[in-house]
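Take a look at it first, and then we can go through it topic by topic.

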Amino acid sequence: MDTLLQQLLNGLVLGSLYALIALGYTMVYGVLNLINFAHGDVLMVGALAALSAIGYLHGAWPGLPGWSLLILGILAAIPVCVALSLLIERIAYRPLRHAPRLAPLITAIGVSILIQTFAMLVWGRNYLTFPQLLPEAPMHIGGATLTVTKAVVIVLAALIMAGLLWLVNRTRLGRAMRATAENPRVASLMGVSPDSVIAVTFAIGAALAAVAGVMIESTYSVAHFYMGFIPGLKAFTAAVLGGIGNIAGAMVGGIVLGLIESLGAGYIGDLTGGVFGSNYQDVFAFIVLCGVLILRPSGLLGERVADRA
Amino acid sequence: MPVPRRALWTVSLLLLALAACKPSSQDAASQQPVIKIGSAAPLTGEIAHLGKDNENGVRMAIDEINAAGGIKLGDKTYRLEMVGEDDKADPREGTLAAQKLVDEGVIAVVGHLNSGTSIPASRIYAEANVVQVSPSTTRASYTLQGFKTTYRVVANDNQQGSVLADFAANSMKVKRVAIVDDRTPYGQGLADVFESVAKDKGLDVIGREFTTNKANDFNAILTKIRASKPDLVMFAGMDATSAPLARQMRELGLKVPLLSGDGSCDPGFIRIAGDAADALTCSIAGQALEKMSKGEDFSKRYQAKFGSPPQQYSPYSYDATFAIVDAIKRAGKPDRVAVVEAMHGTRFEGLTGHIEFDEHGDLKNGTISMYNVRDGKLNYLSTSN
Amino acid sequence: MPEAASARRPARAFAGAAAVAVALALLPILAGAMGDAWVRGLCFAALYVMLALGLNIVVGFAGLLDLGYIAFYAVGAYVYALLASPHLTEHFPALARAFPGGLHMPIWAVLPLGAGLAAAFGILLGAPVLKLRGDYLAIVTLGFGEIIRIFLNNLNAPLNFTNGPAGITLIEPVHIAGLDLSHSTTVLGLRVSSVLMYYYLLVALAVLAIVVCLRLQDSRLGRAWMAIREDEIAARTMGINVRNVKLLAFSLGASFGGIAGGMFAAFQGFVSPESFSLMESIIVLSMIVLGGLGHVPGVVLGAVMLAMLPEALRHTAVPVQQWLFGRVVIDAEVLRMLLYGLATVGIMLYRPRGLWPAPRHGVVAAVTPDRPAAAAGASHG
């Protein structure tokens, strides 16, 4: 029983990370109908920037406690990610807003490659170590163990998601975002500037990616230039699973995907009598995706995309 | 369409012009006849630092031989020349590099670095009768293809896996073992051998799990392993994967030793794993440099020549070069086919130990050394054979 | 109109084709003078041309973004590898008894099999995703490509089908009329190397692929694809069976990949899942985007350019940087990725129809500006 609990906790941690990243994808898709393939790589740049910042701060002020370094790292990563994201939007996506569907998609792939190359040049190809900033001793919860870092991931993700839901449903900005997502032309008639809203959407998504990036490298203690691409893909899967464009959907989709991967890897061997083992764990995400898209294309909670003829 | 056609012509002419600018390898001014030895390694890409190291080992050997007067065959004295190619650690690029070396007229080749590159390239060398001595390819099937030209100067994964299993059973005295591999040719091969030898020695393999060489979350599989209460976790893969794995084992309360192969047995593991590093016991194919009798001397000369310390396999590529030269001397002439015939009888004491080959081209009695981690450093334990 | 032009001047079109044929025949001799490695590079370029043409059917003609195309290449390669190597007879005693001499299916029997199986996979992929929008389709096809790769990497237990990560070695080379293409031979006293023979074979197949694509383009099916690409609803209204046409796009495109895969396995003598990564799919996509989506000559251009790029970089990246900076600032591998990224983004922003786009239907090219913003909602061309 404690194994099941442990796997559930593992899945919750993983899912929280996916949810944070998925939110960025889903919000951008909601307003632009675009899969921002480069989102995972924005996350990576934030993570590496945070690592550099933490290294510098620790060198300059060795007495700083670990948790403060973590917070400062996140604060350093956010502007980097936001700036990068806005830059990409301005240079690569805005000119293609009215181009045929394929163009921005292909451009996004190209941008992703460019960002990875940039990261390779700045930080090198080797795996970098992220220091242990929070206490390492694991806590015990009914037979399962949970480190402080993982607990922070779960709590932080939950807080952020709650905050985002509040922002989107209860503030003026949130209303403007929902209006633009619904129909940008009519929204502009109502005094909303779609360009500004799109910029804000990218910015929020990027900030979330920054947090996700720092939490990922904190949990796994490594960072490198390729660390963002695969989590990015899986997070997009999560966003689609929950219902693209739907913020609550991204959260639910992320958690569900994390749980599926964790439980799948843990139990697939037993379930199939050893024929399929944890070597197939990566395909779960994709099989789930295909299943959802075929059986319930609008996702678990229903999609919310712009009304485009 | 005038514009695109112009573009097409310009581009093709440009490419051909660039190709023609390939630096010529003619030794116009040299009087002395030359024997070319090829070196194929990844000089760009993720493991460029290891590939460059391989090439440096060859270069050092060749420079030493030339400084001592070159090779005397009959009444002619030959100078050695190294031809280096970049295989980018990619199978396709590896075959291109191999073809280039063959075209260049090399007598023999030291290379490649990984199995995924050595194996496809070996076909090209075999067809051209060019001896290929690898300093680092450990996959067993490399020498089992039936080619007369494939050799290696390190122990292969069969030997390494056996020694690991033996060590686990007899030295570490564990009973229940869980095995994880990273689904790469190296990881899977090593894990398979370990599993079968471990079972032969009466160990209980309680689980076999898998990951990939790009993954960093092992909590799910480690949780599953934890439920079966192993005494040991054996991981076959590289340090970038095994180090986070070690950490997560500790975080999940799985306080058992981690046994791994040469992919994890380096300072990179210790750096990334941090406090969890002392769970590691690992093997290195061959001897560590410090343990070789002339190892420190080699290290000093290498540092003086290249400005950085030897990485991993340069002592082996160094020895591989000497093995080739030994064969050339016995062949009596710089002829590929003669060298292929002579290579089999190679026998000498190299930097890394006794160099002699079995009927497949594997190193006879290849040694494996065991290490663990103490005080943030690799700590030598024992050597097999 | 291209057809009208060639009908008026058949002699000129024929002369043009003959000139190209002669150039292609002589090219490897020229390249071979600089070393067989260049000829080998041209062989890979020919394989990429076939792949690019296949993907072009799916993405360029039918407008369906497929990011997992390399899976079909993998299927074709493994089919040949399994049927023409000792692997299956080594691991399945029943087969060893049935085929005491080993499995040595000739390439001419295996290629259609590989193509057929790839086509079947194409339909398998296409059938469930017919209704998906462009972006979803991209992700699902990406997932499909990855699923195939992961299965190939792991189908070695409990029954060893694919030999897992180690791949399959000792694959038979091509035999034509008793001639073994992996050993050089002498013709009229001249030594003809193995790579040279493979070059002619691969280029012949690539030319065949080009001809097939050109024919398809002007056929009813080709027109149907373009109709779907431009406006699916209107196409349906005109009576086009959208479902079947899409499935045909997937399966025909996949079959090209299957054939190229089989040839790849025979040429290299070794296959492993490493060669069929997501990056490869993206590279093939970059080739057709760079060259000219939907335009066969453009696609060939893009494929050749990007296939030869690593070689060109290898010769220029280091010397140029040494000359400019005195040391190597960016290594050739990173530079290659940088160029791919820049090329993809640059083309999409400034020349979205590619370096060699198709002539616009019924519109003189010089008059209409070629900027995406100005062509709001207009066709791909």
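The briefing below moves from overall confidence to the chains, the contact between two of them, and some local details.

This is a predicted model, and the predictor gives the complex an ipTM of 0.86 and a pTM of 0.85.

**Confidence in chain C**

- Chain C has a mean pLDDT of 84, with 92% of its residues at 70 or more.
- In residues 363–368 of chain C the pLDDT is below 50, and this stretch has four contacts in the model beyond near neighbours in sequence.
- Residues 371–381 of chain C also have pLDDT below 50, and here the model shows 19 contacts beyond near neighbours in sequence.
- A word of care for such places: where pLDDT is low, the predicted coordinates should not be read in detail.

**Chain A as a whole**

- Chain A holds 11 helices and four strands.
- Its radius of gyration is 19 Å, close to the 19 Å that the globule rule gives for 309 residues, so chain A is as compact as a globular protein of that length.
- Among contacts in chain A with a separation of 6 or more, 78% are between residues 24 or more positions apart.

**Chain C as a whole**

- The secondary structure of chain C consists of 15 helices and four strands.
- A compact globule of 381 residues would have a radius of gyration near 21 Å, and the 22 Å of chain C agrees with this.
- The C-alpha trace of chain C spans about 65 × 55 × 50 Å along its principal axes.
- Buried residues account for 52% of the 381 residues in chain C.
- Of the contacts in chain C between residues at least 6 apart in sequence, 74% join residues at least 24 apart.

**Where chain B touches chain A**

- This contact takes 25 residues from chain B and 26 residues from chain A.
- On the side of chain B, the elements that give two or more residues are strand S8 (204–210), helix H7 (219–227), helix H8 (239–251) and helix H9 (267–273).
- H7(B) gives the largest share of that side, with six residues.
- Sorted by class, the side of chain B that touches chain A has eight nonpolar, six polar and 11 charged residues.

**The domains of chain B**

- Seven residues from domain 1 of chain B and seven residues from domain 2 of chain B take part in the contact between them.
- On the domain 1 side, that contact has three nonpolar, three polar and one charged residues.

**Helix H2 of chain B**

- Helix H2 (residues 48–67) of chain B has 20 residues and reaches 28 Å from its first C-alpha to its last, close to the 28 Å expected at 1.5 Å a residue.
- The buried residues of H2(B) include B:Gly51, B:Asp53, B:Val58, B:Met60 and B:Ile62.
- Among the elements of chain B that cover the buried residues of H2(B) are strand S1 (34–41), strand S3 (76–86), helix H10 (295–306) and helix H11 (314–331).
- Just after H2(B) comes B:Gly69, with a positive phi of about 110°.

**Backbone details in the loops of chain B**

- The peptide bond from B:Gly111 to B:His112 is cis, with omega near 0°.
- B:His112 sits in the loop between strand S4 (108–110) and helix H4 (115–127) of chain B.
- B:Asn129 is not a glycine, yet its phi is positive, near 60°.
- The loop that holds B:Asn129 runs between H4 and strand S5 (131–134) of chain B.
- Is B:Asn129 buried or partly exposed? It counts as partly exposed because it has 18 C-beta neighbours inside 10 Å, and 20 or more would be needed for a buried residue.
- B:Lys173 is another residue other than glycine with a positive phi, here about 55°.
- B:Lys173 lies in the loop between helix H5 (157–171) and strand S7 (176–181) of chain B.
- B:Lys173 counts as exposed because it has 9 C-beta neighbours inside 10 Å, where 12 or fewer is the cut-off for exposed.

How values were computed:
Residues are numbered from 1 along each chain as its sequence is written. Chains are lettered from A and ligands numbered from 1 in the order in which they are written. This is a predicted model: local features need pLDDT of at least 70, side-chain atom pairs count only at pLDDT 80 or more; totals for chains, interfaces and linings use all residues. The radius of gyration is taken over C-alpha atoms; the globule rule is 2.2 Å times the number of residues to the power 0.38. Two residues are in contact if their C-beta atoms, placed from the backbone, lie within 7 Å. Ala, Val, Leu, Ile, Met, Phe, Trp, Tyr, Cys and Pro count as nonpolar, Asp, Glu, Lys and Arg as charged, and the others, Gly among them, as polar. pLDDT is the predictor's confidence in each residue, from 0 to 100. The expected span of a helix is 1.5 Å times one less than its number of residues.
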